[in-house]
Amino acid sequence: LYSQEQLVDIAKNLDLNHEIPLQFGYFEKGSEYWEEYVACLLNDRDPNILNKTTELLKFNSHIIDYYVKDCKKINVYDIGSGNGEAARGLLNYLVNEKALGVRYIAVDLSADMLKIIERNIKRWFGNKVEFVAQNKDITFEHFDDNIAADRNIMLLIGGTIENFRVPDEILRVIHKSMDKDDILFYIAKVDSETSRKCLNFSTKKDDGKMAFLYRIILDMLNIDDSLYGVESGYDDKEHQRFIQIRLRSDISLKLAFGGRERIVDFNCNDTILIWRANHRTAREVIDRFRANGFITQIFSLDTSQEY
């Protein structure tokens, strides 16, 4: 399922950081699960990251107009693209309102997820949107492949980078991948009492268990669910929501790949982080981007002040 480099990354994170990088959960059945989860968000009338992304992009359509006027060809880079649903509204606007040549470039680590996105884009837009897949690890791989266009719009939406241990690594990669006239749209939750309580990421199929997306690698590592309990909440010190497991006994994992073997030992009561979402206030979001070389052109909040 994974390359040798990815297996090493999983092993090192388990050993050094006691965590499983979330991006490796979107492979194979994990990609199918994400498609089901997004369908749940689409049918949810309560505010969520998907419907608020659509709302905020629509609210800022005048900014999009300003940057794409007189452009004949536009590249839309969707970074950590999921199944493409979050970008659908923007693509529809560009195609129908601006009548421009639009190329959608999905940047994602999971080849399985990219296949789902390609299928969705063709189903939604037919030949009106050109699809390009870039199978990249955004923690270190640039995606500036010189695909010519009058304007590059980068989308970093859905709070993607907040799941990573060091979000600044992602921002530095994105910054190096962009040209001086490119524009980036970033959409995520901001810190609030309400957002700190949001920890439900299951579909109906999970039936009260930890969401499949988060237990898939535990299952592949043969860590039986009888060996751990699940904990979740908000960590005031780290300023993040989290889901982790706490081990009920000592365990040793023997990881064998590429003629190598690595033993990772855990003690009873050790934790393994499965999921995180870093929390930032609106001001901290602006400061973080400035620290990584970006210039903030416009900042807007939704009516709830939480996105």
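Start with helix α6. α6 lies across β2 and β3, and it runs at about 175° to β3. One caution before I go on: this is a predicted model.

Now the sheet under discussion. Which strand order does it have? Five strands, in the order β3-β2-β1-β4-β5, forming an open sheet. The pairing is parallel. At the edges sit β3, residues 129–135, and β5, residues 183–187. Each of those two pairs on one side only. From one strand to the next, the twist averages 20°.

β4 covers residues 151–157, and it pairs with β5 in the parallel sense over five bridges. Pick out Leu 155: its bridge partner in β5 is Phe 185. There is a helix here too. Helix α3, residues 49–59, lies across β4 and β5. Its angle to β5 is about 140°.

Is Arg 103 buried or exposed? Its relative accessible area is 11%, and the cut-off for buried is under 20%, so Arg 103 counts as buried.

What do the polar contacts of its side chain look like? I have two for you. One joins the side chains of Arg 103 and Asn 75, at 2.6 Å. The other joins the side chains of Arg 103 and Glu 130, at 3.4 Å. Leave out residues up to four places away in sequence, and Arg 103 touches Lys 73, Ile 74, Asn 75, Val 76, Glu 130, Val 132, Ile 147 and Ala 148.

Next, the nonpolar cores. The largest has 41 residues. Which residues have the most contacts inside it? Leu 14, Ile 20, Tyr 214, Leu 218, Ile 245 and Phe 266.

Take Leu 14 as the example. With residues up to four places away in sequence set aside, Leu 14 touches Glu 19, Ile 20, Leu 221, Leu 253, Val 264, Phe 266 and Ile 272.

There is also a second, separate core, of 32 residues. Leu 57, Tyr 67, Ile 74 and Leu 94 are included in it. Ile 74 has come up already: it is one of the residues that Arg 103 touches.

That's my tour. Questions, please.

Conventions
Residues numbered from 1 in each chain as written. Predicted model: local features only at pLDDT ≥ 70, side-chain atom pairs only at ≥ 80, totals over all residues. Heavy atoms only, no water. Buried < 20%, exposed > 50% of the residue type's maximum accessible area, 1.4 Å probe, protein only. Polar contact = N/O pair within 3.5 Å; in protein donor to acceptor, adjacent residues only side chain to side chain. Contact = heavy atoms within 4.5 Å. Core = buried A, V, L, I, M, F, W, Y, C linked by side-chain atoms within 4.5 Å. Pairing = 2+ DSSP bridges. Helix = DSSP H or I, 4+ residues; strand = E, 2+ residues; numbered from the N terminus. Axes fitted to C-alpha atoms, helices over the stretch in contact; angles between N-to-C directions.
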